[in-house]
Amino acid sequence: MGSLRGGSGGEGRNEDGGKVGLPALEVALAFPQATPASLFPPAVSDYYQLDDLLTGEEKALRKKVRAISEKEIAPIMTEYWEKAEFPFHAIPKLATLGLAGSTTKGYGCPGLSLTASAVSIAEVARVDASCSTFILVHSSLAMSTIALCGSEAQKQKYLPSLAQFKTVGCWALTEPDYGSDASSLKTSATKV
């Protein structure tokens with residue numbers, strides 16, 4: 001890693017990877033909230049007293065997701081955050097959370113309550129927002145679209161492998177002429 005040190009504005013690329021004219025970035029100094037897992041703050045506050053609203057099953061799920069996220073995801077995310085990359089090799093670790101498909105029932109999906117889904121995704125986001133976004137897009141956009149709009153054959157074909165993260169789902173939403181107006185999208189996919 002580089003460091004946060006000044007430099008004259010006309011410098012070329014630094015030997016430690018800094019961009020042209022910019023000082024190299026030491027993430028821990030620039031963004032103290034992006035800390036390694038050994039320094040990850042424990043979740044000890046229940047400021048809004050949400051625990052009182054959760055069932056025992058929801059509390060157990062939150063505890064499981066918190067433990068796996070802190071142990072398996074937090075230690076690697078600072079490095080990936082700094083590189084602006086997603087750790088695709090961590091998808092099997094995310095699969096162990098058992099959250100794919102969240103509220104969908106059947107087809108290997110967990111069939112969680114909305115509260116359990118929200119609490120568990122919040123725990124993943126507490127460790128890394130990109131991983132929680134990945135799970136949400138996969139589960140809520142890709143899988144829910146199939147679960148709600150797909151034929152029975154499509155549900156049986158796709159949902160079980162998506163629920164195990166053996167297949168990764170996505171959802172196209174943006175095009176140059178339409179932004180996020182999903183009803184106007186023109187792109188289509190062709191199996192080749």
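**View 1. Overall burial and fold of the predicted protein.** Of the 192 residues in the protein, 33% are buried, where buried means under 20% relative accessible area, exposed means over 50%, and partly exposed lies in between, for a 1.4 Å probe and protein chains only. The model is predicted, so that local features need pLDDT of at least 70 and side-chain atom pairs count only at pLDDT 80 or more, whereas totals for chains, interfaces and linings use all residues. Residues are numbered from 1 along each chain as its sequence is written, and side-chain values use heavy atoms, with hydrogens and water left out. The secondary structure comes to six helices and two strands, in the order α-α-α-β-β-α-α-α along the sequence; helices (H or I, at least four residues) and strands (E, at least two) are DSSP runs numbered from the N terminus. The accessible surface, from the Shrake-Rupley method with a 1.4 Å probe, for which only the protein chains shown count as cover of residues, comes to about 12100 Å², and 58% of this surface belongs to carbon and sulfur atoms.

**View 2. Packing of helix α4 against helix α5.** Helix α4 (residues 114–127) and helix α5 (residues 129–149) pack at an angle of about 145 degrees, with their axes 6 Å apart; axes are lines fitted to C-alpha atoms, for helices over the stretch in contact, and angles run from 0 to 180 degrees between N-to-C directions. Ile121, Val124, Ala125 and Val127 of α4 make the contact with Ala129, Cys131, Ser132, Ile135 and Leu136 of α5, contact meaning heavy atoms within 4.5 Å. Ala125, in helix α4, counts as partly exposed because its relative accessibility is 33%. Between the C-alpha atoms of Ala125 and Arg66 the distance is 9.9 Å, although these residues are 59 apart in sequence.

**View 3. His138 and its surroundings.** His138 belongs to helix α5 and is buried, because its relative accessible area is 0%. When residues up to four places away in sequence are not counted, His138 touches Ala100, Met143, Leu162, Phe165, Thr167, Val168 and Gly169.

**View 4. Leu50 and a nonpolar surface patch.** Leu50 lies in the loop between α1 (27–30) and α2 (56–83), and counts as partly exposed because its relative accessibility is 45%. Together with Tyr47, Tyr48 and Leu53, Leu50 makes a nonpolar surface patch of about 570 Å². Patches are made of residues with over 30% relative accessible area and no salt bridge, like charges being joined within 9 Å and nonpolar side chains (Val, Leu, Ile, Met, Phe, Trp, Tyr) within 5 Å; a salt bridge is a side-chain nitrogen of Lys or Arg within 4 Å of a carboxyl oxygen of Asp or Glu.
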